Amino acid sequence: MAEVNVFKKNVEPQKRNPKLEDMKHTMKLFFKNKLAFSGFVVMMIYFFIALLDFVYPQYLGVTNANTMLSFLYGQQPQLVPPSPPTLSKGIMYIFGTTQYGIPVLPAMLAALKFDMAYSIAIVAIGVAIGMVIGTASGYLGGMVDEFMMRITDIFFSIPQIVLALAIIYTLGDNFIFIVVAFMIIWWPIYARLSRSLALSTKEMRYVEAATASGSSKFRNIFVHVFPNVLSPIFVQISLDIGIIVQLFASLEFIGLNRGNPYLPELGILINWGNQYIVYGAWWPIIIPSIFLVVFTIAVSVMGDGLRDVLDPKLRR
Amino acid sequence: MELRYFVLRRVLLIIPTVIGITVLVFILLRSFPDSLLVSAYINPHSTLPRQEQIQIAKEQLGLNLPVPVQYFYYISNLLKGNWGFVTKPFPGPVLLGIELFMPNSIQLAIFSSILSILLAIPIGTYIGSRPNTFADQAGRVFSLVGYAMPPFVLGILLILAFGQGVSNWGGAVLPFNGVVNVPTPVPHWLLNQETGFIISSPTHLVFFDALIHGDPRVAWSAFLHLVLPVVTLTYTILAGLLRFIRAGMVDATNQEYVKTARSKGVPEGMIIKRHIRRNALIPTITVMGLLIAALLSGVVVIEILFTYHGLGWFAVTATLDNQIYGVLDTTLVFGLILVFANLIVDIVYAFMDPRIRY
């Protein structure tokens, strides 16, 4: 009689990596959601354009894509009205030109790397500060918690654009200070989110068990509370990147960023286009706007999809 | 807890927030050199010599004293109504600018929030009670686009479609520049003769003032100027509201009490109205605070796009023209508006849902 290894099934699970399997399952669920997946694809396309532009700025046909004046290809900037989209002047002019005769398409593409890099930097700094403060104050509670939450209240009780306006005015009207202003005002979102998550996590049995087996407060926070706070934060990050890019554009649209007026930025393009709107010139304003809206829609669709797969309650 | 104790506690809780806002604004103010703070107080038309004016301003602001003491000078100046001066967009005290421009912003915010609530409840009920149908998908796309589209992009699209003198096809009638077309002869109540600024007494709202003074032509013009900004802001708020009402409706549909109501034979319309919608609207009130913040941010950008002379326009022009008190005082005012709006939202929520008072 052939030996049937009845233990074989019981041996196998030890080799399996449950975290990896969970991740695979999450990925599978995410890619099954068509809307979220298409958002992801669009986001990746944008990301690769930004990366390509960062590594090889020459592909746009210029050596220095950090100023829109280089898209004039050596001509002097003159205040000429926008010329309509045309195929005859080559691929760069397919969406027409904007003020000073700068072609819309390469300027728009060059904007991506700034938006991407700086919005990621802002959320990175925001998460680093906000998660530490929020998790600690949620876990420790008491006076620390009360004090930190009153501070975040202040940031939440001034509209973001207005607060950014005041901080930019104080620091100086320059793109890098717009970024710094957002770094200052963006951490309270993560602080509040991770605090509320830490509050619910610290009552969990496994944290209690860890404490009972001699785990210190510090270890509890970093080993047991932190990982469970991560996935909602991750969703928030993906939604925030879209909002930050929107806010960059809003601030530049209302006329800020006078420090480097030729920086390729969607908001600046839209601001320039806005001056020609009464002449019926739609391309310098509609094309960058659509470019921006597609990006934010892709990001928010992806964020919603992520939330659906990362939240165990919604997973079924 | 009784409602009044909840209200009292909530009112007391705004005190640290308001103090925090003033501290933040004061820190921003103090990061500028003294000379800039004083320079706004110098009146070139005054008969007093320049040096004496500087001395008086320094004493008023307490600039010779240590910084923590200056904060109390700052607070007492705020309470006394000494909010500093601007030279642009008009020469005068900031408080006058706030008095002139704030009603316009409040008007935009209130009109658009009322309109969006009026639209959101029926539309949200309709799509929320038919999940995963075509209407529902359309509603989701509508609210997704509204969420992802910055308000100024929608404003630009509306200007291109309906702006007076922009579109090539007929029916382009809506003005998109300013508050009102100033008629000739100029009504005495509308303009400040010296500066040419629209002051519009007594309420500073041209539409209502025209009605008070019995001038339907001006009122109609003011109304037309309101349409595009209000529609733009409405869409921004409506998108957010729809999202939450739909989620709340779907959530409430799966509750046990709805099944009970169905099983005992309550008509479907009544279930949707009484059992589902009422419970779906309660969590929606909590996000109203966030939506008001989004609305105020939107107001700033929209007022620039439509050159609508409100508080946001004042703040931005002050920033671009380096008017220090104009920037920082409007920041303070926006903060106060949002704090009180949130207070009202919380009280309404406590009134509607007694559970959260505990």
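Contact here means heavy atoms within 4.5 Å. Helices (H or I, at least four residues) and strands (E, at least two) are DSSP runs, numbered from the N terminus. The model is predicted: local features need pLDDT of at least 70, side-chain atom pairs count only at pLDDT 80 or more, and totals for chains, interfaces and linings use all residues. Residues are numbered from 1 along each chain as its sequence is written, chains are lettered from A and ligands numbered from 1 in the order in which they are written, and side-chain values use heavy atoms, with hydrogens and water left out.

**Stop 1: an enclosed helix**

Select helix H10 (residues 266-274) of chain A. Eight of its nine residues are buried, so H10(A) is largely enclosed by the rest of the structure. (Buried means under 20% relative accessible area, exposed over 50%, and partly exposed in between, with a 1.4 Å probe and protein chains only.) Colour the buried ones: Leu266(A), Gly267(A), Ile268(A), Leu269(A), Ile270(A), Asn271(A), Trp272(A) and Gly273(A). Now show what is around them: the cover includes helix H4 (104-140), H9 and helix H11 (283-310) of chain A, along with H7 of chain B.

**Stop 2: where the chains meet**

How many residues does each chain bring to the contact? Chain B puts in 46 residues and chain A 43 residues. Between them the two chains bury about 3800 Å², 78% of it on carbon and sulfur atoms; buried area is the accessible area (1.4 Å probe) that two parts lose on being put together, summed over both. On the chain B side, pick out Tyr147(B), Phe152(B) and Leu320(B): they lose the most area to chain A, together 14% of what that side buries.

Next, look for charges. The rule finds one salt bridge across the interface of chain B and chain A, where a salt bridge is a side-chain nitrogen of Lys or Arg within 4 Å of a carboxyl oxygen of Asp or Glu. Select Asp304(A) and Arg243(B) to see a salt bridge with its closest N and O atoms 3.2 Å apart.

Then switch to the helices of chain B. H1 (3-30), H6 (134-148), H7 (151-162), H11 (268-305), H12 (311-320) and H13 (324-352) of chain B each supply at least two residues of the side that touches chain A. H13(B) gives the most to that side, with eight residues. Coloured by class, the side of chain B that touches chain A shows 35 nonpolar, 10 polar and one charged residues. (Ala, Val, Leu, Ile, Met, Phe, Trp, Tyr, Cys and Pro count as nonpolar, Asp, Glu, Lys and Arg as charged, and the others, Gly among them, as polar.)

**Stop 3: rings**

Over all chains, the structure holds 36 aromatic pairs. Rings of Phe, Tyr and Trp (its six-membered ring) pair if their centres lie within 6.5 Å; planes under 30 degrees apart count as stacked, over 60 as edge-to-face and the rest as tilted.

Start with Tyr169(A) and Phe32(B), a tilted pair at 5.2 Å centre to centre with 35° between the planes. This pair crosses between chains, from helix H6 (residues 160-171) of chain A to the loop between H1 and helix H2 (34-39) of chain B. Tyr169(A) is buried at 10% relative accessible area, and Phe32(B) is buried at 11%.

Move on to Phe253(A) and Phe152(B), which are stacked, 4.6 Å centre to centre and 5° between the planes. Phe253(A) lies in helix H9 (residues 217-253) of chain A and Phe152(B) in helix H7 of chain B, so this pair joins two chains as well. Phe253(A) is buried at 3% relative accessibility, and Phe152(B) is buried at 0%.

Finally, select Phe114(A), Tyr118(A), Phe175(A), Phe182(A), Trp186(A) and Phe248(A), which ring pairs link into a cluster.

**Stop 4: two side chains in chain B**

Zoom to His225(B) in helix H9 (residues 216-253) of chain B. Is His225(B) buried or exposed? His225(B) is buried, at 3% relative accessible area. Its side chain reaches the backbone oxygen of Ser221(B) at 2.8 Å.

Now go to Thr125(B), in helix H5 (residues 94-128) of chain B. Thr125(B) is buried at 10% relative accessibility, and its side chain and that of Arg277(B) are joined by a polar contact of 3.3 Å. (A polar contact is a pair of N or O atoms within 3.5 Å; within protein, one must be able to donate a hydrogen and the other to accept it, and residues adjacent in sequence count only if both atoms are side-chain atoms.)
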